[in-house]
Amino acid sequence: MSTETRGFITILTGLYSFQDCIHFLAAIRKFHQEPIIILIDQVPVVLYPLLKAFKNVILKPAPTNENTVLASRQAKLALYAASEFDKTIYLDSDICLLSDINDVFEYLDEYDFLLTEDVQPSILKATNLLRGKQEDLLPNVLPILQSVGLPLQADSIQYNGGFMAFRKTEVTKIFFEEFQRYFEIVKNNQDKLLLKDQGAFASAIASVQPHKKVLPPTYNYLSKWQDAYNIQDKIKVLHCTYPYRPQYAKNITRSLYTRIFDRFAQVFLPNQVTNPWRTK
């Protein structure tokens, strides 16, 4: 009987997230030795060795786009096809592990899909998906999302796509196909919707209904919204959402290599906080 393969995957589109990704790799390697796939675009080949300095890192081309934010969204749609593993954990590259997450791989023995709810899980309040003033949009969130063709209802949940784990199954394959289809709807309705993946992600979950387990926020703790949580358990996965960067979050990734790299980054790499694509 063959042993099931398992590994991690992340996305690096453009130089704005390069420093994040170095610290992401350092955090993974502190607790895990599984392969790490990076879907990469718009990063000079001369910088690849800085990523490959960490053992067992596999670089694969991400769907290319001038808009690095859109490229990262499209790469997320390609995770199923890009993964080489029976069990895959996807993490945004601005995530810092604070412990091992072997239990996530173990949960995939029973479930097809693992994910976490967003800080604001109710679709009825998901003004973050819409263009315009949020206070004015609140009464109309669901009607707007439904008007463009997203199959969401009043009880639908918004999940945070920065963390997910999945098995290679037919149901998961269909999920990612639907995820892509609904994201095309989002992309084609930019007059109403922001270029985010949560609405398409929630729609794919609602329509496919994979056998899923929703993990607590300790597996995707968004540091920007720390005041919204009431957590007693140990945080396992620290999501250092813009503009809070993982290299300043915890003394997890500190090494001679990352200390030298951070000095290099201050001079040669653009600052994630100033990424112009985030405002388009």
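Contact here means heavy atoms within 4.5 Å, a cut-off to keep in mind for the views below, which come from a predicted model.

**View 1. Gln 134 and its contacts.** Gln 134 sits in helix 6, which spans residues 134-137. Setting aside neighbours within four places in sequence, Gln 134 is in contact with Thr 127 and Asn 128. The relative accessibility of Gln 134 is 44%, so this residue counts as partly exposed.

View 2. In general, strands of a sheet pair through backbone hydrogen bonds, either parallel or antiparallel.

**View 3. Strand 1 beside strand 4.** Zooming in on this pair, strand 1 (residues 6-13) and strand 4 (residues 87-91) are parallel and share four bridges. Look for Gly 7, which stands opposite Thr 88 of strand 4.

**View 4. Strand 6 and its two partners.** Which way does strand 6 run relative to strand 7, parallel or antiparallel? The two are antiparallel, joined by five bridges, and Phe 113 stands opposite Phe 166 in strand 7. With strand 8, strand 6 runs parallel, and four bridges join them. Leu 114 has Lys 213 as its bridge partner in strand 8.

**View 5. Helix 3 against helix 8.** Helix 3 (residues 68-77) packs with helix 8 (residues 170-187) at an angle of about 155°, the axes being 9 Å apart. Because angles over 145 degrees count as roughly antiparallel, helix 3 is roughly antiparallel to helix 8. On the helix 3 side, the contact is made by Leu 70, Arg 73, Gln 74, Lys 76 and Leu 77; helix 8 brings Phe 176, Phe 179, Gln 180, Phe 183 and Lys 187. Sorted by class, this contact of helix 3 with helix 8 holds five nonpolar, two polar and three charged residues.

**View 6. Helix 9 over the sheet.** Helix 9 (residues 198-208) is mostly covered, with nine of its eleven residues buried. The buried ones are Gln 198, Gly 199, Ala 200, Phe 201, Ala 202, Ser 203, Ala 204, Ile 205 and Val 208. They pack against strand 6 (113-122), strand 7 (157-167), helix 8 and strand 8 (212-215). Just past the end of helix 9, take a moment for Gln 209, whose phi is positive, about 50°.

**View 7. Phe 201 and the nonpolar cores.** Which residues does Phe 201 touch, not counting those up to four places away in sequence? They are Phe 113, Leu 115, Tyr 159, Met 164, Phe 175 and Phe 179. Phe 201 is also one of the residues with the most contacts inside the largest nonpolar core, which has 45 residues; Leu 39, Leu 79, Leu 145, Phe 175 and Phe 176 are the others. Helix 8 supplies the largest share of this core, seven residues. Another core, of 44 residues, lies apart from it and includes Leu 25, Leu 47, Tyr 229 and Leu 269.

How values were computed: Residues are numbered from 1 along each chain as its sequence is written. This is a predicted model: local features need pLDDT of at least 70, side-chain atom pairs count only at pLDDT 80 or more; totals for chains, interfaces and linings use all residues. Side-chain values use heavy atoms; hydrogens and water are left out. Axes are lines fitted to C-alpha atoms, for helices over the stretch in contact, and angles run from 0 to 180 degrees between N-to-C directions. Angles under 35 degrees count as roughly parallel, over 145 as roughly antiparallel, 65 to 115 as roughly perpendicular and the rest as oblique. Ala, Val, Leu, Ile, Met, Phe, Trp, Tyr, Cys and Pro count as nonpolar, Asp, Glu, Lys and Arg as charged, and the others, Gly among them, as polar. Buried means under 20% relative accessible area, exposed over 50%, partly exposed in between (1.4 Å probe, protein chains only). A nonpolar core is a set of buried Ala, Val, Leu, Ile, Met, Phe, Trp, Tyr and Cys residues joined through side-chain atoms within 4.5 Å. Two strands pair if DSSP finds at least two bridges between them.
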